[in-house]
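This report covers a pocket and a helix pair. Please look at the sequence and the structure first.

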Amino acid sequence: MDSVASQMLPFVAGDRDDDYVRPPARPLVPIVHDKPATHPRQVHISVVGANRMRICWVTDDRSSPSVVEYGTSPGKYTASATGDHATYRYLEYKSGAIHHVTIGPLEPATTYYYRCGKVADEELSLRTPPATLPVEFVVIGDLGQTGWTASTLSHIGSADHDVVLLAGDLSYADGKQPLWDSFGRLVQPLASARPWMVTEGNHEREWTPSPFEAYNARWRMPHEESGSASNLYYSFDAAGGAVHVVMLGSYAEGHGEGSEQRAWVERDLAGVDRRRTPWVVAVVHAPWYNTNRAHQGEGERMRRAMESLLYDARVDVVFASHTHAYERFTRIYDNEADSQGPMYITIGDGGNKDGHSCKFIEDHKLAHLSELREMSFGHGRLRIISETSAIWTWHRNDDQYATVRDVVLLESLAGAQLK
C-alpha cells in the first residue's frame, strides 16, 4: 500500500460532519482534595526501561516516606522499593512532597497491586504493557481540565489500552500552581493504572527563571535511561522493543545543527534496528504540518532541522497537538506526498479551556495533502497489530458517546528501510 488514501477503511460512524453541531466550551472541573496530609494523591505511572515502572505521587506531609509496596495479589505486597522526593516554589506557592519511586523488575501484561507511602487503605492497581504485539496506545493532546476533558477521559477509560501518549499541554496551569494539583487529581484514575508518557507543550513553559520547573518536578520521564540530557525529550520501547517511541521537545532549547536535542535524536534513531523494531512513532507538540489558521508555521523551524532525520529512519507516524482540532495528512516529506514519509496527525483536541481552532485555510498549499480535518474534541487510538499492520482510529466526543470518525490501516515502513 503506497499511499494513505489506498489504506483508508470505511468510517465506522459519523461519516458526515455536516450534521454535527459543535457544543460550546465547558467550565473547569473542580477536583477537591479533602484527604489527610499523608494521603498519596495525583498518582501517575510511566515506563522506565524494559521491565520497570516509575510511580509518582504528591503528599502535603513533606516527611511522608517515598516507598511503594507491591505484589500481584490484592493486599499482599511481596516487594517494595524506595525512591526520593522533591519540592519546588513558585512565587508564594510551595508544592507538597513530589515522590518518585521506580519499581521492578516486573512481568509483562501483569496486574500489580500497590500502595504508596505505606498508607494502609489506599491500594491501587496497574497493568504492565505487553512484551509482544499487539499493543494499543491512546493518543491525546491539549488536555486541560474542563468538562470536555472529563468526557475525553471517560471515553478513554471505557475501552482497554496499554499506554497513553500525551503530546503536550497537560494542566493549563499557566503559573497557577494549584491547577497542577487539580489536574493530577483529575487524571489519577487513569494515570495510576496505565503508563502515561508525556512531552511538554507551550502551556508547560511557565515564566520563571526555570520555566519547566513544575512540569519537570511532577512528570519525570525516562530521559536519562534513553541517553537524553533533558526531561523535555526522550524515547522508550514498547511491546518488547517492537515499537520505539520518540518524544520530541518543541520548547527545549535549540533544534538546529549543533543543538543537543538534534544530536540526541540522530543518535537515538540511528540505534534503532528495524529488523527488531518494525514500528517507530514520534510525538511532538507544535505540528510540522498544519492547514489551520491557528499556530501557522510555529513548528517550521523544528521541521527544517529534524524532518530529514525522521524520514531517513522511516518513522511511521508523527503525532502533534497545539492546534485545537483534528487533522490527518497523507504520508509526507518536505511538503510533498511521499510514500516513504511519516503520516502526520494533529490531535490537539483533548478538552482544553480555550475552545476549538475553528478555521482551516481552504486554499492552503498543503490542503491537497490533508485527508481529514475537523474541529472537535476527542482522542485517538493506535493499535499495532503485527510487525506490518496497525489501525489508527480517532474518536470524536459526542456527549456521552465516543463516535469513531476516522479509521485508517497503516503498513510499517520498516520493509522499505531495509531494502
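The lining of the largest pocket takes at least three residues from each of domain 1 (41–126) and domain 2 (130–416), with domain bounds from an automatic or database domain assignment. The model is predicted: local features need pLDDT of at least 70 and side-chain atom pairs pLDDT 80 or more, while totals for chains, interfaces and linings use all residues. Residues are numbered from 1 along each chain as its sequence is written, and side-chain values use heavy atoms, without hydrogens and water.

The volume of the largest pocket is about 410 Å³. A pocket is an open set of points on a 1 Å grid over the protein atoms alone where a 1.4 Å probe fits, with protein on both sides within 12 Å along at least five of seven lines; lining residues have an atom within 4 Å of a point. Of the 25 lining residues, V47, G49, A50, N51 and D237 lie nearest the centre of the pocket. β14 gives the largest share of the lining, 4 residues.

These strands each supply at least two lining residues:

| Strand | Residues |
|---|---|
| β1 | 41–48 |
| β2 | 52–59 |
| β14 | 234–238 |

Strands (E, at least two residues) and helices (H or I, at least four) are DSSP runs, numbered from the N terminus.

Elsewhere, the axes of α1 (residues 147–157) and α2 (residues 178–191) come within 10 Å and cross at roughly 10°. Therefore α1 is roughly parallel to α2, a term for angles under 35 degrees. T149, L153, I156 and G157 of α1 meet L186, V187 and L190 of α2, where contact means heavy atoms within 4.5 Å.

Methods:
Grid points are joined across faces, edges and corners, and a volume is the space filled by probe spheres set on the points. Axes are lines fitted to C-alpha atoms, for helices over the stretch in contact, and angles run from 0 to 180 degrees between N-to-C directions. Angles under 35 degrees count as roughly parallel, over 145 as roughly antiparallel, 65 to 115 as roughly perpendicular and the rest as oblique.
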